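Visitor: Could you take me through a close look at one part of this model, and then connect that part to its surroundings step by step?

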Number of protein chains: 2
Amino acid sequence: MSGVGERLGFIGLGIMGKPMASNLVAAGFPVTVHSRSRGPVDELVEVGATRADGAAAVATASDVVITMLPDTPDVEQVLVGEGGVIEGARVGSLVIDMSTIDPGPARVLAASFGSRGIAMLDAPVSGGERGAIEGTLSIMAGGDAEAFERARPIFDVLGSTAVHVGASGAGQVCKACNQLVVAATIEAVAEALLLAERSGVDPSKVREALMGGFAGSKILEVHGQRMLDRAFDPGFRIRLHRKDARIVEDAASQAGSPIPSFEIVARQLQRAVDAGDEELDHSGLFAELEREAGV
Amino acid sequence: MSGVGERLGFIGLGIMGKPMASNLVAAGFPVTVHSRSRGPVDELVEVGATRADGAAAVATASDVVITMLPDTPDVEQVLVGEGGVIEGARVGSLVIDMSTIDPGPARVLAASFGSRGIAMLDAPVSGGERGAIEGTLSIMAGGDAEAFERARPIFDVLGSTAVHVGASGAGQVCKACNQLVVAATIEAVAEALLLAERSGVDPSKVREALMGGFAGSKILEVHGQRMLDRAFDPGFRIRLHRKDARIVEDAASQAGSPIPSFEIVARQLQRAVDAGDEELDHSGLFAELEREAGV
């Protein structure tokens, strides 16, 4: 079985999961849903999804089960905990975890399912709520090539790019690398624009001058502008980037790979959380620097 | 006087200055040159430039004097030292320093010339040797708007963009911001690609997956590829970026602006210098990380 004919299950209808599941329903997939809160489930049922009573029940009703959950323990609970997906999934089915979790546990989960004849992909995304709504996510997948091909019609609905990065866990490693580069670039842009401002130079002119050269980036363009406008409504929350920074730190520690500059960026994210800015967009790292400068 | 009719002086025919002066000669400007080494002067004379015996003599023969020198003390010596530009320049002439130097001294120099009726721009560039050769530099200028307009026909030859950032020193502040963001982004990309590799994931796949999203940048594209290829021939040398990092640190210290992540990047540049990698391209920060990982 493959393609739009597959029966999908979707577990986790949060800020990301709800629009993703909606897009799959709108694309014509039969979708069975489950989530902790009743509200989003009702909304999905209204547009054509089917309600299931728990993770195992979703798996029983589906060929492919997708999870989109906050953190590693949530994914472990929903997939292999009591009443989890593993209790309802049949041989030949496919599990796709699109949450951002630790690479190590992602590999362990894939092995657990694999030993029962169930394929699993780790397929975290970037692109945020807007990407989820517009179906323009960037998807980074780890797992078997065959499973990746089977998932492709689903990824085509959810994202504008999907890269098969490597074996199980590779998607999560790739997402960790993504979150490392994004946060570090935000911090660098924040340090540069504050330096301009505090040196009496118009930071908007600096952003303009830097855009055309090697300092140019998507972050300078989008998040740089948010800093100029002091527009820190999320976007992607500092709280969530702090969580992802922990994943980066753990992955680096396990790989024995040095991340000297990112360690400082992670500390800045933690400081912003400690200062009560956890619900700001991650471009709010600029506000943390301003606080340190005594602005 | 303005436009191609102006008589130009060009002091400092190094890796950057020589192709810049050549482009001005080729564009039809009358150019008088001076440089420490005789070789590049001879080359410029061969294509149509005029030789002058020292900085003051260049100034006497020119309406606009351009300097492109290694560091702050060189610029101070050539502009206001014994036998310097200030001894030959007349009221109404224009000095354009395109070197990368400290913003503070750039402001002091502009004031010295200004008090004698001589305009001065600080106009550092980014884009490297290739940008200098191809006339595609990105120019960041500080000084009077009138002086900037007068310099525009010159900037049009040398660069593809020229931004008037603000008053005297603003060009150097902007360049410091540029060098901050460039080095910090290189370091972040290096940390991410090494993390991928040491986690058993193909870093070229990670680079590919990250290019489309918020982690995408000119640095990930160009310097990320150099890291994958271990192609660290310069390019822009670590030694020079270390010098520019010192300018960033001093500017930040004087402005009271925190640069916590860049401090670490500056330390990494210093470590690379200490390890003997000073003549590598700055993407060679990747090699420094590998050393730390014991690769």
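Guide: Setting aside neighbours within four places in sequence, B:T50 is in contact with B:V31, B:T32, B:V33 and B:V45, where contact means heavy atoms within 4.5 Å. The model is predicted, so that local features need pLDDT of at least 70 and side-chain atom pairs count only at pLDDT 80 or more, while totals for chains, interfaces and linings use all residues; side-chain values use heavy atoms, with hydrogens and water left out. Residues are numbered from 1 along each chain as its sequence is written, and chains are lettered from A, and ligands numbered from 1, in the order in which they are written.

B:T50 belongs to strand β3 (residues 50-51) of chain B; helices (H or I, at least four residues) and strands (E, at least two) are DSSP runs numbered from the N terminus. With a relative accessible area of 45%, B:T50 is partly exposed, given that buried means under 20%, exposed over 50% and partly exposed in between, for a 1.4 Å probe and protein chains only. The C-alpha atoms of B:T50 and B:P258, which are 208 residues apart along the chain, are separated by 47 Å.

B:V65 sits in strand β4 (residues 64-67) of chain B and is buried, at a relative accessible area of 3%. Not counting residues up to four places away in sequence, B:V65 touches B:G9, B:I11, B:V58, B:A59, B:V85, B:L94, B:V95 and B:I96.

Further along chain B, the loop between α13 (260-274) and α14 (285-293) holds B:D277, and B:S283 lies in the loop between α13 and α14 as well. B:D277 counts as buried at 12% relative accessibility, and B:S283 is buried with a relative accessible area of 0%. The side chains of B:D277 and B:R291 are joined by a polar contact of 3.0 Å, a polar contact being a pair of N or O atoms within 3.5 Å, of which, within protein, one must be able to donate a hydrogen and the other to accept it, and residues adjacent in sequence count only if both atoms are side-chain atoms. B:S283 has a polar contact of 2.6 Å, side chain to side chain, with B:D281. Beyond four places in sequence, B:D277 is in contact with B:I238, B:A272, B:A287 and B:R291, whereas B:S283 is in contact with B:I186, B:H223, B:R226, B:M227, B:A231 and B:F232.

The loop between α11 and α12 of chain B holds B:R230, whose phi is near 50°, a positive value in a residue other than glycine. B:R230 is partly exposed, at a relative accessible area of 36%. A cis peptide bond, with omega about 5°, joins B:P234 and B:G235, and B:G235 is placed in the loop between α11 (218-229) and α12 (238-255) of chain B. For background, most residues other than glycine have a negative phi, and most peptide bonds are trans.

Chain A can be read in the corresponding region. A:R230 lies in the loop between α11 and α12 of chain A, has a phi near 50° and counts as partly exposed at 37% relative accessibility. The peptide bond from A:P234 to A:G235 is cis, with omega near 0°, and A:G235 is found in the loop between α11 (218-229) and α12 (238-255) of chain A.

The axes of helix α9 (residues 170-198) and helix α14 (residues 285-293) of chain A come within 9 Å and cross at roughly 45°; axes are lines fitted to C-alpha atoms, for helices over the stretch in contact, and angles run from 0 to 180 degrees between N-to-C directions. That angle makes α9(A) oblique to α14(A), since angles under 35 degrees count as roughly parallel, over 145 as roughly antiparallel, 65 to 115 as roughly perpendicular and the rest as oblique. Residues making this contact include A:A183, A:I186 and A:E187 of α9(A), and A:L285, A:F286 and A:L289 of α14(A).
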